[in-house]
Amino acid sequence: MAAGQFILAQRLTWRMAVADDLPQNGLVAVVKRDCPTCVLAAPVLGDLARNVGLTVYTQDDPSFPETVPGRIDDTGLDVSHRLKIEIVPTLIRFAAGREVARTYGWDRGEWQRLTGIAEFGRDLPDARPGCGARNVEPGVIERLKIRFNETGLSSRRIEIGEDEDEQEAMFARGWSDGLPLVPPTEERVLRMLDGTARDPQEVVGQVPPALAAATVEKIAINAVMAGCKPEYLPVVLAAVEAVLEESFAMHGVLATTMFVGPVVIVNGPVRRGIGMNAKGNALGQSNRANAAIGRALQLVIRNIGEGRPQEVDRATLGNPGKLTYCFAEDEEGSSWEPLSVERGLKPGQSAVTVFAGYGLQGIVDQKSRDPESLAKSFAGSLKALSNVKHAPSCDALLVVCPEHHRTFKNAGWSKARLYEELYRLCEIPGGELVAGARGIAEGGPQSLDGKIVNKFRPGGLMIVRAGGDAGMFSGIIAGWSAGGPRGSLPVTKEVRN
């Protein structure tokens with residue numbers, strides 16, 4: 001069964017609050033000692049308690065405020081959660097069991113209005129902002145939602161035995177990609193869902209091969225397991241939406257015996273907002289956002305769609321990128337338009353482009369100092385993809401490093417000019433592609449002889465800029481062409497905040 005359907009039940013002990021039922025009528029205040037404004041208001045709270053009646057709930061120190069006798073311990077935060085307290089101090093008036101007025105922080109005029117007492121709090125400043133309530137602190141609010149059964153989560157809970165190792169339990173259930181996972185507890189899943197305003201039960205799409213419904217909640221579960229932060233979730237959701245587009249052919253990407261898996265290229269402000277790497281080692285290890293986003297997408301395919309190796313995933317060799325393959329384009333260092341803009345989005349929009357790609361093939365050219373020479377070097381490497389006898393062949397993503405990009409920039413070459421030159425240079429005489437030509441049995445039909453064939457279909461080549469400032473080393477990620485009936489097309493999706 002799919003791991004995306006499950007959440008690990010948490011081993012939690014709860015501190016029960018000592019609190020009576022809320023009063024039917026009168027004033028209620030919620031405070032904490034660790035708040036200067038609450039300390040400032042303590043004398044006023046004492047006056048209210050003595051003169052008009054006031055019930056005070058204290059979030060952190062049962063002895064505070066000393067000015068109020070009979071204060072109530074709410075260190076378990078039950079009452080604070082029930083009252084949806086966000087800022088302390090909060091003062092509330094109840095009538096007939098219903099809240100009729102509320103104010104927070106210290107504002108003399110507001111407190112006078114709510115209490116109905118004039119000439120009130122004259123010894124205090126006119127106003128002071130309050131402090132964040134303990135019940136809405138990260139980690140605390142999730143535990144309270146779980147306790148009060150307010151999570152809204154629909155996934156099945158899996159109980160892990162006291163003596164059972166969580167990592168081994170997840171491996172045994174087939175949830176892992178071969179590496180340890182972050183246990184997807186309810187608390188962690190709720191925190192992950194804070195990364196998006198989308199409904200947790202919204203169905204993003206049907207994940208092949210099982211065609212199981214991928215809800216935002218189930219995707220969040222896999223994002224937790226992959227090690228994502230909540231702010232990564234919108235990018236993960238966009239990547240899932242992209243691979244589920246019919247033109248991407250995710251089922252085919254899984255089922256083919258070729259080397260491919262989803263490659264995710266991220267554009268727009270979200271790259272910097274979540275700390276993605278577009279520079280040195282951009283396609284390598286160590287950046288959490290790059291690694292976790294790509295891994296989350298792969299776990300969604302594995303755990304929701306049931307796309308597992310040696311089952312529907314029939315890759316002969318695969319490639320290491322099938323663990324995670326995600327990076328950002330270095331837009332700030334580029335003189336070219338970003339990939340997302342090239343593919344139809346507006347400048348400044350955050351987006352992901354997914355591409356069914358192989359592993360990385362390097363282009364080492366440390367001597368070309370003019371764009372014509374460098375373009376020929378690129379084209380020679382591109383023409384070898386898949387097989388030197390294949391054309392039109394696989395699609396390709398060309399990752400141009402900063403030093404190579406500088407060669408084109410200094411010569412005034414736009415990205416469009418580079419595309420034009422590469423397509424021209426990738427034209428091949430058909431006679432060289434015929435089976436048996438050049439002593440290679442592989443190849444196409446004899447009818448190719450006498451024709452000119454391009455290595456790439458129109459639109460089959462994409463260019464991005466990324467990498468470190470030192471080193472004249474660009475790269476090619478070959479892809480599974482849509483030139484045939486079962487291939488894959490790149491897909492670009494906006495990241496919805």
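Leu398 stands opposite Ile476 in β21. I start there in a predicted model, in which local features need pLDDT of at least 70, side-chain atom pairs count only at pLDDT 80 or more, and totals for chains, interfaces and linings use all residues. Residues are numbered from 1 along each chain as its sequence is written, and side-chain values use heavy atoms, with hydrogens and water left out.

Two conventions come next. Helices (H or I, at least four residues) and strands (E, at least two) are DSSP runs, numbered from the N terminus. Two strands pair if DSSP finds at least two bridges between them.

Back to β21, which covers residues 473-479. Strands β17 and β21 run antiparallel and are joined by four bridges. Strand β16 (residues 351-364) also pairs with β21 in the antiparallel sense, over six bridges. In that pairing, Gln361 is the residue opposite Ile476. Six of the seven residues of β21 are buried, and the strand is mostly covered. Buried here means under 20% relative accessible area, exposed means over 50%, and partly exposed is in between, with a 1.4 Å probe and protein chains only.

Next, the open sheet. Its five strands come in the order β4-β3-β2-β6-β7, with mixed pairing. The edges are β4 (72-73) and β7 (98-104); each has a single partner strand, so one side of each is left without a neighbour in the sheet. The partner of β4 in this order is β3 (residues 54-58), and these two pair in the parallel sense over two bridges. Tyr57 stands opposite Ile72 in β4.

Now the domains. The assignment for the chain gives domain 1 as 3-147 and domain 2 as 170-494; such bounds come from an automatic or database domain assignment. How many Å separate the centres of domain 1 and domain 2? The answer is 52 Å, taken over C-alpha atoms.

Helix α11 (residues 288-303) has 16 residues and reaches 21 Å from its first C-alpha to its last, close to the 22 Å expected at 1.5 Å a residue. The expected span is 1.5 Å times one less than the number of residues. Of the 16 residues in α11, 14 are buried, so the helix is largely enclosed by the rest of the structure. At the start of α11, a side-chain oxygen of Asn287 comes to within 3.1 Å of the backbone nitrogen of Ala289.

The other helix is α6 (residues 186-193), where Glu186 is found. Six of the eight residues of α6 are buried, among them Val189, Leu190 and Met192. Is Glu186 buried or exposed? Glu186 counts as buried because its relative accessibility is 9%. Its side chain makes a polar contact with the side chain of Arg157, at 2.7 Å. A polar contact is a pair of N or O atoms within 3.5 Å; within protein, one must be able to donate a hydrogen and the other to accept it, and residues adjacent in sequence count only if both atoms are side-chain atoms.

Aromatics next. The rings of Phe, Tyr and Trp (its six-membered ring) pair if their centres lie within 6.5 Å; planes under 30 degrees apart count as stacked, over 60 as edge-to-face and the rest as tilted. A search of the whole structure finds six aromatic pairs. One of them is the tilted pair of Trp106 and Phe120, 6.4 Å centre to centre with 55 degrees between the planes. This pair links distant parts of the chain, 14 residues apart: Trp106 is in strand β8 (residues 106-107) and Phe120 is in the loop between α3 (108-115) and β9 (127-128). Trp106 is buried at 2% relative accessibility, and Phe120 is buried at 6%. Elsewhere, Trp336, Phe378, Phe408 and Trp413 form one aromatic cluster.

Last, the backbone. Most residues other than glycine have a negative phi, and most peptide bonds are trans. The peptide bond from Val88 to Pro89 is cis, with omega near -5 degrees, and Pro89 sits in the loop between β5 (87-88) and β6 (90-95). Ala391 and Pro392 are also joined by a cis peptide bond, with omega about -15 degrees. Pro392 is in the loop between α13 (371-382) and β17 (396-400).

Ser286 has a positive phi, near 95 degrees, and lies in the loop between α10 (270-273) and α11. Ser286 is exposed, with a relative accessible area of 72%. Arg438 has a phi near 60 degrees, again positive. Its place is in the loop between β18 (427-429) and β19 (452-454), and at 53% relative accessibility Arg438 counts as exposed.
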